[in-house]
Amino acid sequence: MDSGPNKETSVAVAESPAGPPVPPAGKVPAKAVAAKPPAVVVESTPEPPVNKMRRRIVWYSIAGFLTTCFLMFVRFFLPRAIFEPSSTFKIGFPGDYALGVDTKYQQMYRIWVDKTSDRLFVVYARCTHLGCTPDWKASENKFKCPCHGSGYDSEAINFEGPAPRPMDRAHVELDAEGQIVVDTSRLYKWPKGEKNEFNDPGAYIPI
Amino acid sequence: MDEAKDQKETKQLTGEKTEVGLVERAKETAGALKERAVEEAKTYKDPQQTQVWKSIFRVSHERSDPRNRSLAILSNVFLHLHPAKINRDAVRYQYTWGMGGITFYLFIVLTFTGVLLMFYYHPSKILAFRDILYLEHDVPFGKLLRNMHRWAAHLMVITTWLHMFRVVLTGSYKRPREFNWCVGVVLLVLTLLLSFTGYLLPDDQLGFWAVTVGTNMARATPLLGHEGPFGAQLGLTPYNDVRFGLLGGSIVDANALLRAYIWHCIGIPLVASIFMAVHFWRIRKDGGISGPAPVMLESEMKVPKKK
Amino acid sequence: MENPKAHSRRNKLIALIVAVVLIGLFAYSVQDWHQLWKIVSAPDNVPIVAMLFLVPFFTWLGIKQAIQNDHLIGDLETDPKLAKTHHRKVEPWRPGWAKELHVWPYLVRIEFLAAVIVTVILYVWSITLNAPLEEPSNPNLTMNPSKAPWYFLGLQEMLVYFDPWIAGVVMPSIIMIGLMVFPYVDSNPLGNGYYTIKQRRFAVGMFGWGFLMWISLIFIGTFIRGPGWIWFWPGQTWDHNTVVFDRNRDLNEIVAGWGLTFLNSQPWKAIFGAIVVGTFYIVGGLFFHWLMMRGPFRLRYLRSSSELRQWATTPGQFERKLLANTSLLQYLTFQFFAVSVLLAMPVKLFLRLVFTIKYVWVTPWFNI
């Protein structure tokens with residue numbers, strides 16, 4: 001650290017060489033500068049080739065450290081455990097429901113229970129356009145989304161408005177006692193022109 | 001060969017388009033393009049000459065001549081906090097100890113770690129303590145981050161004091177730096193206040209009682225505290241004195257937590273940043289790092305004309 | 001140049017022997033190493049333990065450079081010709097050498113190194129030591145002892161000697177303002193930008209005394225004060241059931257006990273206290289005046305009573321010049337802060353801990 005600055009001779013400081021330079025109290029450097037200020041000014045000395053390797057090690061270590069920090073930074077934003085309400089819940093027995101749409105659990109779980117002549121399924125109350133919660137209009141026998149006017153029939157199949165596909169259905173199954181267990185983290189879709197998942201085994205309960 | 005060429009030329013001149021001519025033209029264009037691509041690729045071999053690089057780094061990175069060395073500092077928004085040149089003996093840390101710079105670096109570390117911690121902390125009595133546990137167990141690197149924040153805070157208090165100690169030992173508070181010293185004292189107080197407000201945030205017994213003891217002293221303020229001298233005479237009660245103003249209540253509760261949070265994360269850092277800006281500005285304006293300066297002898301002291 | 005070297009070698013030996021003896025005595029007095037370790041290793045106490053090493057180290061570093069500079073000053077003062085031609089610094093310099101260096105790369109690279117080292121220390125510290133987290137806050141249950149963070153322990157310790165409004169509000173304010181006033185009352189133009197003790201004995205001494213007191217208060221608050229804020233020597237077990245009977249009396253009560261019984265009632269109490277405090281300020285002021293006028297002290301004065309008396313009664317030449325340069329406002333301001341903080345603190349501490357005197361001034365509105 002010491003040798004660098006001591007050797008640096010910058011653009012000539014106008015110091016007239018008045019007599020021999022007086023050695024300062026304390027250390028006397030090995031190479032004394034001559035009484036005449038040097039004519040040519042060179043700040044950097046030619047580097048020995050081994051420095052390149054050292055330099056590379058330093059830069060790569062720094063890059064490695066910063067990369068590790070960045071990866072830690074990114075990982076930090078993904079907690080290992082979260083506290084959200086469970087997506088699995090029970091909604092009673094199939095016999096509790098009459099034919100048609102039941103809005104009993106719309107507030108609590110965001111679902112409608114739909115019973116037809118041959119099956120019972122659970123519709124996830126999310127409009128497939130941009131995610132609003134449609135309203136069930138019993139008098140008109142349709143679901144109508146207030147956001148952009150998407151309309152779905154009593155089985156939540158879209159027929160008007162910007163909705164691209166029918167509303168999704170949640171996974172349902174019967175537990176040991178015969179109660180309906182709903183899992184809204186597993187949804188069945190019927191995208192337009194593609195496979196209809198509504199007839200898959202977990203998408204409905206046959207009655 | 002010449003004949004074929006002549007033939008081709010004639011065909012071209014007469015406008016005849018033959019398949020052979022097209023293919024050859026395509027080959028020529030391809031060849032020309034390839035040559036151009038090779039030429040251009042050569043210029044990209046040295047990224048420092050590309051337009052993209054030059055638009056970002058306005059100054060050349062070959063820093064071996066005085067002009068470029070000065071420009072490296074002067075043209076960089078972060079580095080031009082420094083002057084282009086400094087006292088040759090101030091470079092070694094033996095004189096300055098580097099404590100001021102280290103304190104500033106710790107402030108940056110604390111800001112960065114603090115902001116990250118804010119993503120998982122709710123300043124509510126119900127959630128605060130739980131959030132610290134959450135950070136320590138369920139958030140990847142949360143424990144490391146919390147530890148770093150706390151230890152950097154302690155270290156910053158230590159380095160601030162060492163910095164102040166150094167400034168006194170080298171007399172760097174003397175003319176013309178007296179005002180900067182005062183700004184420094186304010187920064188010391190702000191550092192301690194930052195530490196104090198942060199202490200309450202985990203809402204554990206340690207923080208709660210430390211702040212209770214601390215703010216209880218506020219109720220003993222003369223004139224402004226309801227238990228201080230002349231406080232009762234001025235009509236101050238636990239519900240309108242300075243302690244009430246600090247806590248947002250008469251007890252250390254939810255309001256106190258929220259206030260401590262806001263002071264800690266926004267209020268005091270903003271004020272501290274302003275004072276730091278003044279502090280760094282004054283360092284430059286007062287002549288940079290004070291030394292090591294040439295020693296002055298007693299005989300060179302100026303005596304006032306009166307005596 | 002043999003003698004100084006032999007001297008310094010002898011001095012170092014003496015210092016070493018003294019240190020070993022002190023450490024030995026301390027180790028002998030420790031009865032409970034586990035208790036000591038518990039306090040020292042508590043994560044929140046680690047910074048103070050670190051400070052116990054850092055502060056002496058940096059003090060030594062500063063003093064070392066001050067001594068070097070003082071030697072140079074001595075040389076320059078005895079040789080006027082040298083004073084004219086010398087570049088006036090301990091660091092080497094020759095004509096032709098630049099007086100300034102480019103910040104890039106010379107300063108920037110060392111700052112980078114410092115940042116790297118600090119980062120490494122921080123990472124290692126954060127990985128090995130966990131930040132404390134006690135039980136959730138419970139307003140109905142106070143821990144014992146209940147301590148402020150270590151940088152405020154100084155204030156908390158002061159609460160033993162002063163009422164809350166002084167220890168918590170007035171004293172910190174006076175300390176803060178006193179610090180700010182420091183450069184303005186220092187009329188000494190020497191030592192501006194270099195380490196020196198010879199030329200700035202009083203200023204460095206005053207600040208050093210204040211700094212030392214502050215650290216001592218923190219030390220007491222951390223290592224000595226145990227449950228109930230009772231005094232436990234290092235190595236004594238912190239017994240939560242210890243009961244201490246404090247026979248604290250006020251100063252006026254003590255003097256009243258000597259026969260002046262009227263001092264037990266107002267308004268005589270208040271007047272007595274005012275006289276005591278007033279006298280304290282006057283005596284303190286005289287003391288600081290005497291102190292700031294002393295010339296350099298040499299250990300050999302202790303061997304000769306006449307030299308010692310000479311030193312104690314005659315002001316130094318340099319100090320007289322400084323006083324001439326000091327305005328009345330500077331002088332009075334300095335005296336106020338010095339007596340109120342640098343003298344009042346240790347005196348009150350002494351009165352309380354040794355003589356169990358609680359208040360020196362009792363009025364119906366406040367007590368000091």
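## Domains, interface and strand pairing in a predicted model

In this predicted model, the centres of domain 1 and domain 2 of chain C, taken over C-alpha atoms, are separated by 24 Å.

Me: Into which domains is chain C divided, and which residues belong to domain 3?
Reply: Domain 1 of chain C is made of two stretches, 31-96 and 149-236, while domain 2 covers 100-131. The remaining domain of the division, domain 3, takes residues 245-368.

Me: How many helices and how many strands does chain C have?
Reply: Read from the N terminus on, the elements of chain C run α-α-α-α-β-α-α-α-α-α-α-α-α-α. The secondary structure of chain C therefore comes, on the DSSP runs used here, to 13 helices and 1 strand.

Me: What percentage of the residues of chain C count as buried?
Reply: The C-alpha trace of chain C spans about 75 × 55 × 40 Å along its principal axes, and, among contacts in chain C with a separation of 6 or more, residues 24 or more positions apart account for 67%. A residue is buried if 20 or more other C-beta atoms lie within 10 Å of its own. Of the 368 residues of chain C, the share that counts as buried is 27%.

Me: Which element of chain B gives the most to the side that touches chain C?
Reply: In the contact between these two chains, 87 residues of chain B meet 86 residues of chain C. The elements of chain B that give two or more residues to this side include strand 1 (85-87), helix 6 (99-118), helix 8 (142-169) and helix 9 (178-200). By class, this side of chain B has 54 nonpolar, 20 polar and 13 charged residues. With 14 residues, the element that gives the most is helix 8 of chain B.

Me: Which residue of chain C is the bridge partner of B:Asn87?
Reply: Strand 1 of chain B and strand 1 of chain C, residues 100-102, run antiparallel and are joined by 3 bridges. In strand 1 of chain C, the bridge partner of B:Asn87 is C:Glu100.

Me: Are helix 9 and helix 10 of chain B roughly parallel or oblique to each other?
Reply: The two helices of chain B pack with their axes 7 Å apart, at an angle of about 130 degrees. On the helix 9 side the contact is made by B:Phe196, B:Tyr199 and B:Leu200, and on the helix 10 side by B:Gly207, B:Phe208, B:Ala210, B:Val211 and B:Gly214; these residues divide into 6 nonpolar, 2 polar and no charged. Angles over 145 degrees count as roughly antiparallel and 65 to 115 as roughly perpendicular, and helix 9 and helix 10 of chain B are therefore oblique.

Me: Which residue takes a positive phi in the hairpin of strand 9 and strand 10 of chain A?
Reply: Strand 9 (residues 169-174) of chain A is joined to strand 4 (residues 119-124) of chain A by 2 bridges, with A:Ala170 as the bridge partner of A:Val122. Strand 9 also pairs with strand 10 (residues 180-188) of chain A in the antiparallel sense over 6 bridges, and A:Asp183 is the bridge partner of A:His171. In this hairpin, which has 5 residues between the strands, the residue with a positive phi near 100 degrees is A:Gly178.

Notes. Residues are numbered from 1 along each chain as its sequence is written. Chains are lettered from A and ligands numbered from 1 in the order in which they are written. This is a predicted model: local features need pLDDT of at least 70, side-chain atom pairs count only at pLDDT 80 or more; totals for chains, interfaces and linings use all residues. Two residues are in contact if their C-beta atoms, placed from the backbone, lie within 7 Å. Helices (H or I, at least four residues) and strands (E, at least two) are DSSP runs, numbered from the N terminus. Ala, Val, Leu, Ile, Met, Phe, Trp, Tyr, Cys and Pro count as nonpolar, Asp, Glu, Lys and Arg as charged, and the others, Gly among them, as polar. Two strands pair if DSSP finds at least two bridges between them. Domain bounds come from an automatic or database domain assignment. A residue is buried if 20 or more other C-beta atoms lie within 10 Å of its own, exposed if 12 or fewer, and partly exposed in between; C-beta atoms are placed from the backbone. Axes are lines fitted to C-alpha atoms, for helices over the stretch in contact, and angles run from 0 to 180 degrees between N-to-C directions. Angles under 35 degrees count as roughly parallel, over 145 as roughly antiparallel, 65 to 115 as roughly perpendicular and the rest as oblique.
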